[in-house]
Each structure stands twice: as structure tokens, then as C-alpha cells.
Amino acid sequence: MVVPPNEQLVLREIQQQVSADRLRKDVTTLVGFGTRHTLSETKSETQGIGAARRWIKAEFEKISAQCGGCLEVIYQKEIFSGEKRIPQPTEVVNVIAIQRGQLDPNRYIIMSGDIDSRVSDPLDYTSASPGANDNASGVAGVIETARVLSQHKFAGTVVYAALSGEEQGLFGGKIMAGIAKQEGWRVEAVINNDMIGNISGINGVINNTTARVFSEGIRFVETPEEARKRRFTGGEVDSPSRNIARYIDKTADQYIPNLDVMMVYRLDRFGRGGHHRPFNAVGYPAVRIMETNEHYDRQHQDLRTENGRAFGDVLSGVDFDFNAKLTSLNAVTMAAMAWAPPPPANTEISGAVKASTTLTWQRPKGKMAENLAGYRVHWRLTTEPTWTHSQYVGDVSEFELKNIVIDNYFFGVSSVAKDGFESPVVFPGPAGSFGGYSH
């Protein structure tokens with residue numbers, strides 16, 4: 001049995017291709033629109049969110065032209081009104097670029113960032129609101145990732161999403177998650193980027209070597225019957241979102257120089273929200289990547305100086321080398337996932353009162369299995385945060401781990417491509433399921 005390689009030189013090349021200079025240029029352009037508030041000007045060519053989203057669309061179309069039309073660039077739109085932060089009818093518009101997969105086009109790996117900005121009053125849509133770090137840094141990261149990954153072809157579909165309406169109530173994410181559900185997308189992962197450029201925290205810490213990944217534990221869509229099963233079999237820390245976070249952590253360790261991922265076992269920061277949440281709410285695996293040390297004087301603030309203390313989210317608060325580091329983490333993670341086969345479906349486990357543990361799973365059929373080499377079985381102590389042990393088991397749909405007692409460990413299975421790319425680990429049962437193989 002040939003074990004596929006676990007070192008991918010192409011991922012190192014992708015990491016090195018992300019450009020801090022291009023990110024600086026794009027963040028500067030986004031800041032130049034004055035304000036990108038969801039309720040702001042839409043007719044001007046130079047100011048407001050309308051100009052910003054048209055520029056983003058033009059950038060995606062430019063990237064697509066350079067890869068022979070490999071991106072499908074679209075708007076997603078919906079009108080909201082009567083909301084606390086959208087009192088009057090307002091069209092919320094996402095800008096989406098879709099790079100279709102070659103083998104498994106209905107499997108989606110999505111990177112998102114938020115277009116809109118705000119100041120102290122969430123309804124103030126006229127004041128200058130540069131939103132350099134929150135969240136021009138994330139949108140610029142999405143555009144730059146599209147530039148780099150569009151040079152490659154993948155098994156699964158990669159999506160680059162600039163979402164609107166985040167500061168007003170996560171409306172852009174709700175639009176996109178609803179469309180994905182309606183159209184039957186098999187979403188493997190949503191990686192939301194919200195503030196990926198600041199290295200200087202309000203706590204006095206300056207650190208350009210760590211990033212946080214937030215992920216839900218118990219799935220939002222868990223049913224009472226699934227909860228009953230989970231109480232006895234585990235899964236509280238093994239949702240698909242949590243295993244996406246582990247995948248990102250492992251990717252950083254292996255391919256992103258001088259970056260350590262802090263996995264935060266929480267949906268989001270305490271009492272706050274981000275655009276991964278609407279995807280979790282409909283059952284999709286979704287996480288948030290962001291800086292570790294936030295500076296609250298630079299978030300949601302009117303531009304001003306008080307007693308020598310500067311407030312506002314301006315360009316000087318963005319470290320573009322760090323912005324590039326976190327952007328490259330996205331690019332490498334998405335490429336690895338999109339080149340890998342789909343995660344195993346219908347993964348189950350058995351082994352009560354036995355000396356060994358048996359895992360079973362369903363193998364995909366047809367074109368989506370063309371790049372499949374086999375599977376890897378994983379296990380760890382129940383108190384370990386990451387997968388510590390694994391065994392490549394070949395192209396089978398059942399495997400018995402002899403003399404490894406089911407009571408003492410958590411277990412999972414990942415799919416491995418012929419060239420070594422690997423899917424996230426799937427924890428057995430509904431608690432860890434990434435879904436089936438429906439087309």
C-alpha cells in the first residue's frame with residue numbers, strides 16, 4: 001500500500017505568492033471610498049458602498065480575464081427594511097466570484113470578508129468611516145486569494161465572497177447562506193475573515209505571530225435526538241466547524257512561517273458576532289479567522305483625538321505583512337481542501353465492550369472519487385485539542401483499530417487524494433457530519 005505524501009510544495013508556492021504590497025494597494029483603495037456603510041451612497045463613482053462593491057466586482061472580473069474566464073462573478077441582492085439598523089428599505093448586495101471545481105463542482109469551499117464599515121453610531125452613514133482593518137483587510141484578503149488561487153484548477157469549487165450588511169446585522173451572510181441552501185450547495189467550509197491586519201492590541205501586546213480561529217462546538221442545527229446521542233458518544237468539541245479549525249491550525253504549523261493559530265472554542269468573541277454565524281445557523285461548517293490582539297479604539301469609532309488619544313480605523317493601524325500572512329493561511333487552507341476528495345460521509349463507530357474500535361464510512365462514487373487514494377483513521381485522548389495519532393488505511397470503507405479501546409479516545413476519518421491532499425477529519429455520527437455526497 002502506497003502512502004500519499006504529506007508535504008505539498010505547491011502549497012508553499014501559494015503561500016509565497018500572496019503579496020503585502022497588493023494588499024496595501026487594495027486596502028488603500030477601499031479606504032478611499034470615504035465610507036462603506038451599508039446605508040451609504042450607491043450612485044457615486046467614488047464614494048460610498050455602491051462604488052466600493054462595483055470596484056470589487058471589477059477586480060474579480062479582471063482576475064477572471066487573466067485566467068481565461070475561470071471565475072463566475074455575480075451580485076447577490078436582497079432588500080431589507082424595518083430592522084433596528086436598517087430602518088428604511090435598503091438593498092444589501094454581496095459580490096461573489098465562483099471558481100468551479102473540475103471533479104466535484106457542488107462541493108464548496110468559501111472565503112468571505114465584509115465590505116461595509118461603520119463609526120460610533122451604527123446608523124451614521126455619512127461620516128468618514130475608513131474601515132481599514134474592519135474590514136478592508138478581510139476583503140482585500142479575499143481579492144488577493146482569488147488572484148493567487150485562480151492560477152490553479154481544483155477538484156472542488158472555491159468561492160471568494162465580499163459580503164455586505166455585516167455591521168447592521170449579518171445580512172449579507174444570511175443572503176448567501178439562504179441561496180446556498182436553496183440551490184443545494186454542499187458547503188465543506190466557510191472561512192470568514194474579519195479584521196486580519198492589526199498586530200497592536202489595546203492590552204499593550206504587539207504580536208504578529210498568532211491568529212485566532214473561532215468555531216462553534218455543538219452544532220446550532222442539532223436536533224433533540226442528536227443531542228441525546230451526543231451525550232453518550234461525545235462530539236461537544238468535534239463539530240465540523242471545530243475540525244475545520246483544527247485543519248487550519250495544522251496548515252499554519254506546516255506551511256505558514258512564523259504563525260501559530262490559537263483555536264478558540266467559542267462561536268465568536270464574547271457577546272459579539274461575525275459573518276460565519278449565518279452559515280452555522282443553517283448547518284454549514286463555518287469559522288472566523290482574525291487577529292489575536294484587538295485594539296478597540298480602532299473599531300467602530302468616529303475619527304477623533306481626545307486627550308492625545310487617537311480613535312478610528314485608519315490605514316496606519318494595518319500591518320500589511322501580517323495581513324499577507326493571514327491571507328496566505330486562507331489561500332493554502334482552501335487550496336488543500338479543494339484539491340482533496342470530499343470528507344467521508346455517513347461515518348459511524350462501534351466497539352462497546354470490545355478490545356478494538358471499528359469505523360465505517362461511505363465512499364463517494366463517480367467523478368468526485370477520481371482523485372481518491374484512500375482514507376486515514378485518526379484518534380486522540382479525549383482531553384487533547386488536536387488529532388495526535390493517525391493511520392493511513394487505504395481505499396476501504398471500514399477499518400478496525402485493534403487493541404485501541406473505544407472508551408478512551410475520540411476518533412475520526414479523513415479522505416486522502418492520490419497526490420496526498422487530505423480532507424478535514426470527520427467525527428463519527430451527526431455531531432461531526434459534513435453531510436452526504438448529494439449532487
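Helix α1 passes helix α9 in a right-handed crossing, meaning that the near helix is turned clockwise from the far one by less than a right angle. The contact is made by V10, L11, I14 and Q15 of α1 and by S328, A331, V332, A335, A336 and W339 of α9. Contact here means heavy atoms within 4.5 Å. These residues divide into 8 nonpolar, 2 polar and no charged. In that count Ala, Val, Leu, Ile, Met, Phe, Trp, Tyr, Cys and Pro are nonpolar, Asp, Glu, Lys and Arg are charged, and the others, Gly among them, are polar.

This is a predicted model, in which local features need pLDDT of at least 70, side-chain atom pairs count only at pLDDT 80 or more, and totals for chains, interfaces and linings use all residues. Residues are numbered from 1 along each chain as its sequence is written, and side-chain values use heavy atoms, with hydrogens and water left out.

Two packed helices are described by the angle between their axes and the distance between the axes. Axes are lines fitted to C-alpha atoms, for helices over the stretch in contact, and angles run from 0 to 180 degrees between N-to-C directions. Helices (H or I, at least four residues) and strands (E, at least two) are DSSP runs, numbered from the N terminus.

| Pair | Angle | Axis distance |
|---|---|---|
| α1 (residues 9-17) and α9 (residues 320-339) | about 150 degrees | 8 Å |
| α7 (residues 240-255) and α9 | roughly 115 degrees | within 10 Å |

The angle in the α7 pair makes α7 roughly perpendicular to α9; angles of 65 to 115 degrees count as such, under 35 as roughly parallel, over 145 as roughly antiparallel and the rest as oblique. α7 also passes α9 in a right-handed crossing. On the α7 side, I244, Y247, I248, T251, A252 and Y255 make the contact. On the α9 side, L329, V332, T333, A336 and M337 take part. The residues of this contact divide into 9 nonpolar, 2 polar and no charged.

**The sheet of 8 strands**

An open sheet of 8 strands has the order β1-β2-β4-β3-β5-β8-β6-β7. Its pairing is mixed. β1 (71-80) and β7 (260-264) stand at the edges, each with a single partner strand, so one side of each has no neighbour in the sheet. Two strands pair if DSSP finds at least two bridges between them. Neighbouring strands are turned by 25 degrees against each other on average, direction ignored.

Strands β3 (residues 104-114) and β5 (residues 186-193) run parallel and are joined by 7 bridges. G113 has N193 of β5 as its bridge partner.

Helices lie on this sheet. Helix α4 (residues 132-149) lies across β2 (90-99), β3, β4 (156-163), β5 and β8 (286-291). It runs at about 145 degrees to β3. α9 packs on the sheet as well, touching β3, β4, β5, β6 (210-215), β7 and β8. The direction of α9 makes about 170 degrees with that of β3.

**The sheet of 3 strands**

Another open sheet has 3 strands, in the order β11-β12-β15, with antiparallel pairing. Its edge strands, β11 (345-350) and β15 (398-401), each pair on one side only. The twist averages 15 degrees from one strand to the next. β12 (residues 357-362) and β15 pair over 4 bridges. T360 has E398 of β15 as its bridge partner.

**Helix α3**

Helix α3 (residues 48-66) has 19 residues. It reaches 28 Å from its first C-alpha to its last, close to the 27 Å expected at 1.5 Å a residue. The expected span is 1.5 Å times one less than the number of residues. Just after α3, G68 takes a positive phi of about 70 degrees.
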